[in-house]
Amino acid sequence: MLKRLLPRQDSFFQLFQQAADKLQLASIEFSKMLRDLGHKQHYVDEIARHEEEADQIAHTNFQMLHKTFITPFDRHDIHELTSTLDDIIDLINRIAQRFPFYQLEAVPEELIQLAQLSAEATNHLKSAIYLLHSLKHSEEIFKYCNLIDDVESKAHLVVLAGEKKLFMDEQDFRQFYKLKEIYGHTKSVINRCQDVANILKGIVLEYS
């Protein structure tokens, strides 16, 4: 009787996958937006929709965690994984929301590259999360986590190059501030993906 009352453990993995899907979609929309700023409001609205749906997924996961007696792995890890995934898409949404009033008609190529790298990081993260349901995939999970580390290393160099150009070439202080902020927040998206990768590594190491 008790078993029938408890949510299926598989539901946690399904919700993680749904959250990863939404995160990847939001990061792709953000990357597209930087190449198509003339239609930025369309991308801002799409990102906001993904973020709202991701919030509902996180809420469902937290509710299920509260009600579930037996969880597939440590409750703290489930909470942290859910929270951090949600934090990343929240961050993308907050960056995107700035664009309508920043009135940027174009951004530096380095910033476009950085957004592409953030989409690449979320794609690797999604691939790892889709394998989390089975520890038979532990080596593959580590492979994708290590790929996120590689993306972070590339992103660090792109940010350095982009900010160097800003310091040397940008004379408009307001423009400098806007772009500097976008660089920082977009890099933070990748850093937070790396945080999730470290959570996944910890789960795999603890239970394998």
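**Figure 1. Gln103 in the loop between α4 and α5.** Gln103 lies in the loop that joins α4 to α5 of this predicted model. The phi angle of Gln103 is near 55 degrees, a positive value in a residue other than glycine. Gln103 is exposed, because its relative accessible area of 61% is over 50%.

**Figure 2. Confidence along the predicted chain.** The mean pLDDT of the protein is 92, and 96% of its residues reach 70 or more. Among the elements of the protein, helix α5 (residues 109-129) has the highest mean pLDDT, 98, whereas helix α1 (residues 2-5) has the lowest, 36. The pLDDT is below 50 over residues 1-8, and this stretch has 5 contacts in the model beyond near neighbours in sequence.

**Figure 3. The largest nonpolar core and the surroundings of Phe99.** The largest nonpolar core comprises 66 residues, of which Leu34, Leu81, Phe99, Leu125 and Leu200 touch the most other members. Two or more residues of this core are given by each of the elements α2, α3, α4, α5, α6 (138-169) and α7 (173-207). Helix α7 supplies the largest share of the core, 13 residues. When residues up to four places away in sequence are not counted, Phe99 touches Phe30, Met33, Leu34, Leu37, Lys40, Leu104, Val107 and Ile182. One of these partners, Leu34, is also listed with Phe99 among the core residues that touch the most other members.

**Figure 4. The aromatic pair of Phe13 and Phe73.** The count of aromatic pairs in the model comes to 6. One of them, formed by Phe13 and Phe73, is tilted, with 6.1 Å from centre to centre and 50 degrees between the planes. This pair links distant parts of the chain, 60 residues apart: Phe13 belongs to helix α2 (residues 10-35), and Phe73 to the loop between α3 (40-67) and α4 (75-102). Phe13 and Phe73 are both buried. Ring pairs also join Phe13 and Phe73 with Phe16 and Tyr207 in a cluster.

**Figure 5. Thr71 and its polar contact with Phe73.** Thr71 is found, like Phe73, in the loop between α3 and α4. The side chain of Thr71 reaches the backbone oxygen of Phe73 at 2.7 Å. Thr71 has a relative accessible area of 17%, which is under 20%, so the residue counts as buried.

**Figure 6. The ring pair of Phe167 and Phe176.** The ring centres of Phe167 and Phe176 are 5.1 Å apart, and their planes stand at 65 degrees. The pair is edge-to-face because this angle is over 60 degrees. The two partners fall into separate accessibility classes: Phe167 is exposed, with a relative accessible area of 57%, whereas Phe176 counts as buried at 16%.

**Figure 7. Lys143 over the ring of Tyr144.** Lys143 lies over the face of Tyr144. The distance from the ring centre is 4.5 Å.

**Figure 8. Leu91 and Asn93 in helix α4.** Leu91 and Asn93 both lie in helix α4. Leu91 is buried, with a relative accessible area of 8%. Neighbours within four places in sequence aside, Leu91 is in contact with His185, Ser188 and Val189. The C-alpha atoms of Leu91 and Ser188 are separated by 8.2 Å, although the two residues are 97 residues apart along the chain. Asn93 is likewise buried, with a relative accessible area of 11%. The contacts of Asn93 are with Ile47, Ala48 and Glu51, not counting residues up to four places away in sequence.

**Figure 9. Ala119 in helix α5.** Ala119 is found in helix α5, the element with the highest mean pLDDT. Ala119 is buried, with a relative accessible area of 12%. Residues up to four places away in sequence not being counted, Ala119 touches Ser27 and Ile28. Ala119 and Ala197 are 78 residues apart along the chain, and their C-alpha atoms are separated by 15 Å.

Definitions and conventions:
Residues are numbered from 1 along each chain as its sequence is written. This is a predicted model: local features need pLDDT of at least 70, side-chain atom pairs count only at pLDDT 80 or more; totals for chains, interfaces and linings use all residues. Side-chain values use heavy atoms; hydrogens and water are left out. Rings of Phe, Tyr and Trp (its six-membered ring) pair if their centres lie within 6.5 Å; planes under 30 degrees apart count as stacked, over 60 as edge-to-face and the rest as tilted. Helices (H or I, at least four residues) and strands (E, at least two) are DSSP runs, numbered from the N terminus. Buried means under 20% relative accessible area, exposed over 50%, partly exposed in between (1.4 Å probe, protein chains only). A charge sits over a ring if NZ of Lys or CZ of Arg is within 6 Å of the ring centre and within 35 degrees of the ring normal. Contact means heavy atoms within 4.5 Å. A polar contact is a pair of N or O atoms within 3.5 Å; within protein, one must be able to donate a hydrogen and the other to accept it, and residues adjacent in sequence count only if both atoms are side-chain atoms. pLDDT is the predictor's confidence in each residue, from 0 to 100. A nonpolar core is a set of buried Ala, Val, Leu, Ile, Met, Phe, Trp, Tyr and Cys residues joined through side-chain atoms within 4.5 Å.
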